[in-house]
Amino acid sequence: MGPFRTSPPSSAGRGLILRPRLLAELARRFEVRLTTVIGTAGFGKTALLIQAVEQNQLVTVGQDVWVCCEPEDSDASVLCNTILQAQGVDTGRRDRDPVDVIVEAVWNEAPFDVVLILDDFDQIVPDSGGAQLVADLVQQLPTNGHLVIASRNPLPFSVSKLRSVSDIVEINQEALGFDDNELEGLGTQGTPSSSVQAEGARWPVLAALLAEAGPAAALDFLRDEILDNRSEQDQQALGLLATFSCLDDALVQAVTQSNLTAQELLDGLPLVMSGNDETWQLHPLWTAALADRVNPLEREQALIRGGRHLLERESFLAAGEAFAEAGDLEGLTETTTAMCFRPLTRSWVDESRKLLRLLPASLAGSGMVKLLEAFAELEMRHQWKALTSFEAAAEALRQENLPELEIQALVVASQISGLRDGLPPAPHLYPRAVELAETGLPLACSMVARFDAYAALVAGDPLRAMSYVGDFAGFGPVRARMLIDQLWTDAGYPEHVGEVTTSTSDVEDLAAQGLIDVQLSLALWTRGEVPAGIALDLALELADLTASQRISHQSIQVLGVTTGVALATGDLEEGRRLAFKSRQLLDPDLGPLVGAYVDIGEAAVSLAEGDEEAATRILSGLLQRIPLGKWPPRPYLHFLSPLYILIPETRPLLDSMVMGPAMSEVINATRALVRYRESGNGSEFDEIDWRRVGALRSNLSFPHLVEIALAAKIDLDSDHIDADHRVAVPRRVLNLLAKSDRPVSSLAKTALGNLPGGPDFKLDLLVLGPMELRRDGELVEDDNWLRRERVRMLCGYLVHHPNASRRDVCAALWPDLDETKALSNLRVNLRLFLQVLEPDRPTGVPSWFLDSEGPALNLRPDRLGIDVVEFDQLVDDARSADDRGIPGEALELYRRAADLFRGDYLDGRVFDHWAEFERIRIRSGAALASARVAELLLAKGEPETSMRYASRALLNEPLLERAHRCRIRAFLGMEDRGAAREAAGLLLTSLDEAGLAPEPDSIAILSSLGLVAGSDASRPAKP
């Protein structure tokens, strides 16, 4: 181990320049989660850290823990042991996660702040366990824990979240450069005259040379000692590349016209930043230092070559920057044109706006610029507002006789118009597209073909519509594939989606651009190929990716379908959440077609809840706004089966539609379900191909699918079903069907009786405070619960007396009645109580939450959440964690226990005669739990929250001195000494009124505030 592995070297004799500007920033390391010092060799990172550590030793704010990283720290266990050794903590606990061990070691130092300083972090391999350990520490350290990372390279993990909450100090290479005061302290005489020399002086190593030998000599050193040690080929290459902001192998080779790699060229060169994706960045200093290595013409040609290469890669903004630097108007124009030909699958707003700023004033007002401006207007909620801009751009391009750009503007306008107003898209633009198509323009021909295809589809002829797909080639391979897939989906043939003969590279290019193949994803779901076990995870991931693209109509479409995915997998709560999120995104400007996805999602939720009437109302209203016509508009295609079942007027059209195998099977099964409801004959389903259960699951409402499966005597979770598509039927759905008046009711009741599990909702009984019953978090407001006191008394008695006999219950609740009358009252109230617990429980099916079949009555705390049972268990577990020295676990458990206590146990006069002693015990336990939470939070650096819990403890136990002391310390932690004195005065008053003397720990803190005479009491001990 090196001499400075776990302790920094001394600054004595090192001739370090004091850097108060940066030391002030580093002093904030005790306030923020992460401090980064990033810069290449020679920028004085270690020297700066040494100064910061020595400054803290003079006036201690917290503990600095120094680790100089070595390659072996790529092993997480080695790095963990090194950190613990530097902190002076036992490193023998190898049976636990290194992150947990370090977190606990830091927290144990609370309330003192601990800063882990990792110097030379670049020695750790980016994808190693050591790097991951540090990334985890950034997320998991307690608030008294902080990290300082010094590295030559960018961090191998994201810090964007810390930036968003201002919990990071970042000292970059530019900041590490010397400022004028530091240069003056080094001995330079003023600021160097030329800007190039001034820039060079900022590099600390070079600044030292400037101080000793002067500006000219220092820059000569940079050239002579660094550049001249390179081959002429390398120097020439570096000179050509110096103006590019980001380098990789392909760009290096394109610009230099060689086989050089970026790493070969830049290896060992100072003032170079390496990224995490095999990219490199040259410091701006090199632009000046390399100025004499190439002539202006060579540099201009290099920029143009680089711009051409970047344009081919569709790195449009970088290409535009290169062309702008070279003054190449033709390249800029070509880049702008290429940007305008991207598929309309994301807004590209930011990139479009940046490119606009690069364009010369001479192009302002041109049709090309107007088209780019239209793309820049495609904000998330305002796509339709850009429609006018695209049409105006098309007109300007028409006037300028630029038909290729004009048709692109018309294509995008038609897509936007079709999304808003329906299909066929943009009839008002069709005549001009025909005119351009007659000139042989491929994109115009394809736009006309797409219009004709949708005109045929709207007329009810899907086969003719699909015959036009061969004319879509003018859209280009990527966009043609997407639009053909969209047409096949709209025509009811999801089987064909993804079959377009585009090359694999086209698809990969699409993914590389961050584009999402929504049509293929939806088609896979529609045709039933997504396994049940992963369907919802994939759908939610798709929804998140779509949201990141900032196109609201696409997000709403995907959310609508994802709602159906959640419901098809039995997750009603997730379905509700997604439907609500979709409604929140909806804007009136988006038009009725987009809004249809929201309505359909809400109708799907109603069906999943068993409310076919509500779903029918939603769909009836939607059909009035958007009629089916001769072919269902796009949103309806994901909801054909419910339409068929709930709206009989739709059946003739749906029966006549010619669709692909999956959709045809769905309609056949739906038709059979309608007949079954009329006949009660399960043989209606004999023709169903259960090999297509995936398609049925994807397109039928889940209760409808279960209804069909019950009638067909098919277990959806059995070996009859392919393993990928098996789904367990929730009890909730069986309850809905069992209560219905359909033929399937008796079958559902039988299935319920055979189920081993309980209901598909969570039921919680709250008796700490006013008695409440909550179902899936929602307050139960059943009249039998709210208005019948005896029902609540029965509940309270059963909580307090597990396994109570009926005779004992009668004696407690109706002591003045004879046994016969009391038992009669018990039967009535027990029946009402059971209805409150499980309102959907069919007759004859035993209660899940209350055993009532025998002579005794017993609530099942293993099935019913009872807060007092949970409270006692939490307190026991918290005390155990405290005893084992695990403060984090203890804090969480105590906090949960304290938060459960809303008031006294079984509060209310009707319970007083048999619950009083238990009430006192639990109240005391709640006060102690709150006090311990306050103490742990205060040690964790959260005085405000700590004070709230201390105050809560005092509401329950006004004489609990440990809670008083915690309140006082919390005010001191907030630097409010006056409030601390008031809190201390309250403690003295309370004790005086009760005739009690303060405890020794209280005397110590009162004495520190000058309220009692000093004592020899020791510092407050850990409880």
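How many bridges join strand β3 to strand β4? There are 5, and the two strands, residues 114-119 and 145-151, run parallel.

## About the model

This is a predicted model, in which local features need pLDDT of at least 70 and side-chain atom pairs count only at pLDDT 80 or more, while totals for chains, interfaces and linings use all residues. Residues are numbered from 1 along each chain as its sequence is written, and side-chain values use heavy atoms, leaving out hydrogens and water.

## The sheet

Let's start with the strands (DSSP runs of E, at least two residues, numbered from the N terminus). An open, parallel sheet is formed by 5 strands in the order β2-β3-β4-β1-β5, where pairing requires at least two DSSP bridges between two strands. β2 (63-68) and β5 (168-171) stand at the edges with a single partner strand each, so one side of each has no neighbour in the sheet. Between β3 and β4, Val115 has His146 as its bridge partner.

## The nonpolar cores

A nonpolar core here is a set of buried Ala, Val, Leu, Ile, Met, Phe, Trp, Tyr and Cys residues joined through side-chain atoms within 4.5 Å; buried means under 20% relative accessible area, exposed over 50% and partly exposed in between (1.4 Å probe, protein chains only). The largest core has 151 residues, and Leu371, Phe390, Ile407, Phe472 and Trp690 touch the most other members. A second, separate core of 79 residues includes Val791, Leu794, Cys810 and Val836.

## Two sides of a helix

Helices are DSSP runs of H or I with at least four residues. In α33, the buried residues include Leu619, Leu622 and Leu623. The face turned away from the buried side of α33 carries exposed Glu613, Arg617, Gln624 and Arg625.
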